[in-house]
Amino acid sequence: MESRAILATGFGPRKCAKIGQPLKDQISRLPDEILVYILSCLTLKEAARTSVLSKRWIDLWRSMACLDFDASKVLKKMFSISSWGRYADFVRKERRKYVEWVDKVLLQSDKSLALDDLRVAFCLDNFYGDKIHKWLQHAFARRVQRLELNVFADDDPASSQESYTFHYELFCLSSGQSQPGYSEIHHHAQIGFKSLRALSLKSLNVTGEVLEFFLINCPFLERLVVEASSVLINLRVCGPSIALKYLEEKGIVHELPQLTNLKEFVLIASASKDRSLIGFTSLIRASPNLEKFVLKLESWWGDMVRGDRKLKKAASFPLQHLKVVELLGYYGRRSELELVEYFLENAIVLEKLIIDPRDPCNVTWPKTRKERKQEKKQEKLARICAKQQIEGLIPSHIEFSIL
């Protein structure tokens with residue numbers, strides 16, 4: 001009975017291959033779709049290296065739908081250089097190599113296939129604006145779904161270039177000459193934009209008009225991240241209901257449109273001394289169905305002030321769906337306590353309040369042992385302040401935690 005079961009299932013013991021007998025390549029016999037999926041689990045450079053395995057693998061990596069131009073190792077090395085002269089030379093050299101890498105991959109990839117993801121993340125200033133412009137053309141022509149462009153802040157003192165500007169002309173290409181190897185996007189066929197589901201633009205200049213274009217013309221856009229744009233102030237949208245469910249913003253936006261579908265809002269803001277944060281409540285009121293709000297406060301320890309001024313009150317506004325509030329970078333200032341009281345009074349269904357005194361910036365610049373020790377000391381003091389200030393205000397049905 002047992003032998004019949006083994007024969008039926010085919011999982012019985014098998015003889016090992018004879019010594020010296022070549023093993024059959026079973027993986028290469030798999031369909032292209034499965035092999036490309038396997039490649040998607042590798043980094044872009046690792047996937048490209050598989051082209052040397054055999055003729056079967058030469059062109060497979062060109063069909064990858066996720067192009068992540070990750071240079072985290074180079075960036076980590078760059079941020080560890082303490083000498084400005086060596087740092088500047090290193091950045092200029094690595095910039096050229098990074099741009100050549102992106103150009104080469106995009107030119108060799110299969111442009112007839114749609115893109116699921118395109119991620120470009122490196123220190124690039126406006127000198128490379130034309131290159132970045134063409135990369136975006138490529139992405140939109142291939143109906144990209146998730147796009148991340150992070151060009152970082154330019155810390156090179158020898159550079160006079162401004163940050164890259166996301167030009168409005170990108171949406172209005174006419175019959176001008178197309179760049180070799182890149183597909184041209186026509187202003188009358190915006191199908192590429194309409195495929196976007198997630199858009200992340202960091203450390204570049206993007207105006208409210210550009211973001212409004214995306215919000216109006218991308219019916220599937222659910223996730224938007226905008227950080228460190230010096231020209232973004234207001235965001236007004238007139239048109240159909242916006243599908244946006246997640247918004248992360250860092251900058252000086254003073255006004256938002258009505259975002260009725262927004263479920264999660266992450267706001268990154270600079271906190272100077274004890275300046276009031278009550279103004280942010282107007283941004284929250286623009287999202288009547290918001291369920292989670294995260295505020296990341298960026299500030300220098302030496303610029304923080306714990307005063308004893310009278311607490312200010314914001315206008316009451318019932319937040320009927322807000323369940324989770326997170327405050328990162330909490331120090332114990334009156335401005336932060338004002339915001340906590342606002343949520344406790346207005347968030348009708350609040351379930352969880354999280355206070356985290358740690359630096360939300362995740363700064364990669366190396367710190368000395370003395371700086372790290374001082375930072376830990378300040379964090380410990382902030383935790384004590386949070387416990388003293390807030391714990392007695394929390395109703396029993398709300399989960400309160402200090403990280």
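User: In this predicted model, is tyrosine 37 buried or exposed?

Analyst: The residue in question lies in helix α2, which covers residues 32–39. A residue counts as exposed when its relative accessible area is over 50%, and the value computed for tyrosine 37 is 58%. Because of that value, tyrosine 37 is classed as exposed.

User: Which residues form a nonpolar patch on the surface, and what is their accessible area together?

Analyst: Tyr37, the exposed residue of the previous answer, belongs to this patch.

User: Which strands stand at the edges of the open sheet?

Analyst: The open sheet has eleven strands, which follow the order β1-β2-β3-β4-β5-β6-β7-β8-β9-β10-β11 and pair in parallel. Two of these strands each have a single partner strand, so one side of each is left without a neighbour in the sheet, and these are β1 (66–69) and β11 (399–402).

User: What angle does the direction of helix α10 make with that of β9?

Analyst: Helix α10, which spans residues 334–346, packs on the sheet and touches β8 (292–298), β9 (324–328) and β10. Between the direction of this helix and that of β9, the computed angle is about 175°.

Technical notes:
Residues are numbered from 1 along each chain as its sequence is written. This is a predicted model: local features need pLDDT of at least 70, side-chain atom pairs count only at pLDDT 80 or more; totals for chains, interfaces and linings use all residues. Side-chain values use heavy atoms; hydrogens and water are left out. Patches are made of residues with over 30% relative accessible area and no salt bridge: like charges are joined within 9 Å, nonpolar side chains (Val, Leu, Ile, Met, Phe, Trp, Tyr) within 5 Å. Accessible areas come from the Shrake-Rupley method with a 1.4 Å probe; for residues, only the protein chains shown count as cover. A salt bridge is a side-chain nitrogen of Lys or Arg within 4 Å of a carboxyl oxygen of Asp or Glu. Helices (H or I, at least four residues) and strands (E, at least two) are DSSP runs, numbered from the N terminus. Buried means under 20% relative accessible area, exposed over 50%, partly exposed in between (1.4 Å probe, protein chains only). Two strands pair if DSSP finds at least two bridges between them. Contact means heavy atoms within 4.5 Å. Axes are lines fitted to C-alpha atoms, for helices over the stretch in contact, and angles run from 0 to 180 degrees between N-to-C directions.
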